[in-house]
Amino acid sequence: MGCGISIKKNQANKSERAIKAAILIQRWYRSYVARMQLKRQYALSIFQSIEYAEEQAQLQLSNFFTFMLNHVNEFDPDIKSHFVSIMGDCNMASSDPAMTEYERRIEVPASYYGPRLSFPLTAADINALLQAFKHHQQLHARYVLQLLHETRKVLQQMPNITHLSTSYAKEITICGDLHGKLDDLLLIFYKNGLPSEENPYIFNGDFVDRGKNSTEILIILFAFLLVYPNHLHLNRGNHEDHIMNLRYGFTKEVMKKYQCHGTTILHLLQDVYSWLPLATIIDNKVLILHGGISDTTDLNFLNLFQRNKLKSVLNPPKSNAGTGNDPQRAALTEAYSHQVQTKKSNSGSHVSSKEALRSMSASSNSRQYSKRQHLDNLCHRTVSHPIPEVQYCKPSNVTTAYTSPELTPKEWKQVVDILWSDPKHQNGCTPNKHRGGGCCFGPDVTARLLKRYNLKMLIRSHECKEEGYEISHYGKVITIFSASNYYEEGSNRGAYIKLNPDLIPRFVQYQVRKSTHKRTLHQRVSTIELSALKCLREKIYIHKSELIAAFRQYDRNGTGKISPSEWVSALESVLQLDLPWRTLRSRLVCLDQDGNVEYLSSFDDVEITLPIKEVQPSLVETLCRYKADLESIFNMIDKDHSGLISIDEFHQAWKLFNLHLKTAVDDESIDSLAHCIDFNKDGSIDFNEFLEAFHVVHKLEKKYSP
């Protein structure tokens with residue numbers, strides 16, 4: 001009897017210990033997962049804050065160029081013409097026969113082994129394209145131009161706001177941003193099936209930029225649009241904009257892949273962008289648009305205006321860009337006047353505003369020989385028989401003098417709001433300070449718009465979400481994002497929505513996996529975290545001078561130490577990234593025994609390379625800090641996108657750059673830099689190579705490796 005009781009007690013004790021052990025393991029695991037989730041979230045916060053800061057800088061730069069365009073317009077038609085071309089206002093509205101004739105002149109050589117298209121396209125042509133792109137083949141420029149030309153004709157027949165019904169299909173698939181990630185698009189088609197009459201799709205903008213296969217994504221989507229115009233629908237995103245493409249990679253991708261025909265493709269794409277519909281409404285209940293809404297969004301107005309007038313959201317109409325009572329524009333006017341009066345020519349005489357800007361137009365002649373020779377070499381690589389009638393590989397018979405009716409400020413603002421806005425948790429509608437454009441709209445703004453138009457739901461994209469989607473505003477707003485691994489491999493999932501006739505959304509998540517499936521959760525999160533911290537350290541280092549000055553405001557005695565709260569205040573005042581700096585502190589700086597921050601340790605792990613010995617360190621810091629702005633300016637001046645600009649144009653780019661940001665860089669330093677980087681002394685500078693030479697090096701990267 002006693003023995004049996006003892007055995008039962010031992011078994012009970014063992015069970016109790018096992019349960020306690022299981023609870024401890026469960027608590028530890030939950031704590032571990034929570035820590036990993038926290039690291040992933042703050043890494044995404046870093047990526048997103050830096051991304052939005054770059055977009056804000058792009059908008060500021062575009063506003064500056066628009067101001068310059070409108071300001072010099074009052075002085076001289078030649079100056080106006082040059083800045084119009086810089087801002088990309090030369091519309092390309094050719095007649096069908098002329099463009100078709102040009103396309104026929106481009107010979108497809110026998111050595112070309114990619115897909116050969118004939119129009120009208122069929123499903124078999126699309127399958128051939130998909131197979132070719134899976135094997136990294138490239139579609140010939142002739143077919144790309146024909147495809148864009150046919151796509152524009154189809155888009156021109158479409159309304160600003162497309163109305164669809166689920167009564168003709170069991171479900172409609174809605175995809176968000178793809179951003180050049182071809183693997184995500186192919187995975188969506190693998191999981192969900194190809195677009196067809198029985199399987200309709202909506203792609204909600206931002207097909208291009210950032211990723212390396214934007215061209216292939218556009219070709220696939222446009223091909224499906226031609227074959228199934230009633231079952232594949234495209235909304236315009238904020239990156240379907242030729243000025244955005246200058247900064248975020250698509251322009252460079254097209255020129256690299258299509259070289260001498262790249263400029264023509266980009267011009268035609270500019271017009272195709274302008275014809276993309278702005279929104280889609282399903283069953284008169286679900287509104288789908290790229291960004292969001294504002295308290296002034298008027299769907300009736302958006303449905304009626306001539307949408308192709310808006311070539312770029314980043315080029316506001318003149319009446320919207322006037323100085324008026326805008327203090328920022330007034331400051332630009334004053335700075336511009338001061339700049340052109342104080343700048344001197346090489347001979348020492350003063351330069352007038354007309355002369356300073358005319359020199360930009362005149363300077364293009366000095367590079368004519370070297371650029372033409374460079375382009376001819378590129379043309380001979382891709383076309384077996386060059387076209388003698390076409391100079392710089394641009395069709396001479398394509399009409400470019402067409403001018404659209406002038407865009408009004410109201411039209412411009414309505415489109416900016418739907419392409420750039422983001423939802424927020426608080427009520428109200430406020431300017432989107434993070435991005436620099438559009439609005440942040442609250443649940444009350446959403447409720448009013450849905451009620452006004454008798455809608456049930458708003459589906460938008462525009463923001464990377466960790467799980468690929470997010471539901472907000474009490475279920476009335478859904479964000480869908482389809483580019484997985486957007487910032488870093490493993491950083492986020494992609495997702496798409498399946499919407500049935502009951503209008504109940506079903507989310508399908510996925511993630512393109514190349515190596516992450518072989519790694520542990522800790523390794524995957526550590527990779528994301530380290531990549532984010534690397535970007536943040538670079539951001540901190542390129543603002544070194546400003547940050548040291550801000551730190552020393554709190555360090556009156558020159559101890560090299562300040563309190564954590566002072567360190568946070570100084571960082572935020574300079575960088576304005578709105579990050580959890582206290583959480584990040586241990587990964588960015590060293591602390592003393594009293595918990596004070598040794599602020600100079602913020603710069604210990606990185607340095608800027610000096611590829612040219614003659615360049616002053618202060619100038620190198622400026623180059624690194626404003627590299628993206630400089631690249632945009634160079635690309636605007638380099639009208640044929642060859643990557644080459646003359647030394648005179650290099651000087652003019654710096655004049656614009658200094659006027660935009662008021663940097664303290666003297667002419668002598670720029671003269672020295674320009675001649676140093678003209679390595680072969682032919683009077684032309686490869687500005688892409690020049691910009692890539694100045695970068696931040698992480699000295700202690702191995703120290704943080706997982």
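Serine 482 has 0% relative accessibility and therefore counts as buried (under 20% relative accessible area, with exposed over 50% and partly exposed in between, using a 1.4 Å probe and protein chains only). This residue sits in the loop between strand E12 (477-480) and strand E13 (494-499). Helices (H or I, at least four residues) and strands (E, at least two) are DSSP runs, numbered from the N terminus. Leaving aside residues up to four places away in sequence, serine 482 touches Cys175, Gly176, Asp177, Leu178, Asp184, Ile188, Gly494, Ala495 and Tyr510, where contact means heavy atoms within 4.5 Å.

The model is predicted: local features need pLDDT of at least 70, side-chain atom pairs count only at pLDDT 80 or more, and totals for chains, interfaces and linings use all residues. Residues are numbered from 1 along each chain as its sequence is written, and side-chain values use heavy atoms, with hydrogens and water left out.

In the protein as a whole there are 26 helices and 21 strands. Of its 706 residues, 55% are buried. Among contacts with a separation of 6 or more, 76% join residues 24 or more positions apart.

Two of the residues touched by serine 482, Asp184 and Ile188, bring the description to helix H6 (residues 182-192), whose axis comes within 9 Å of that of helix H7 (residues 214-227) and crosses it at roughly 35°. Axes are lines fitted to C-alpha atoms, for helices over the stretch in contact, and angles run from 0 to 180 degrees between N-to-C directions. H6 passes H7 in a left-handed crossing, meaning that the near helix is turned anticlockwise from the far one by less than a right angle (right-handed if clockwise). Leu182, Leu185 and Phe189 of H6 meet Glu216, Ile217, Ile220, Leu221 and Phe224 of H7. By class, this contact of H6 with H7 holds seven nonpolar residues, no polar ones and one charged. Ala, Val, Leu, Ile, Met, Phe, Trp, Tyr, Cys and Pro count as nonpolar, Asp, Glu, Lys and Arg as charged, and the others, Gly among them, as polar.

Helix H10 (residues 262-275) is largely enclosed by the rest of the structure, because 13 of its 14 residues are buried. The axes of H10 and helix H5 (residues 141-156) come within 9 Å and cross at roughly 20°. H5 passes H10 in a left-handed crossing. On the H5 side the contact includes Val144, Leu145 and Leu148, and on the H10 side Thr264, Ile265 and Trp275 are among the residues involved. Nine nonpolar, four polar and two charged residues make up the contact of H5 with H10.
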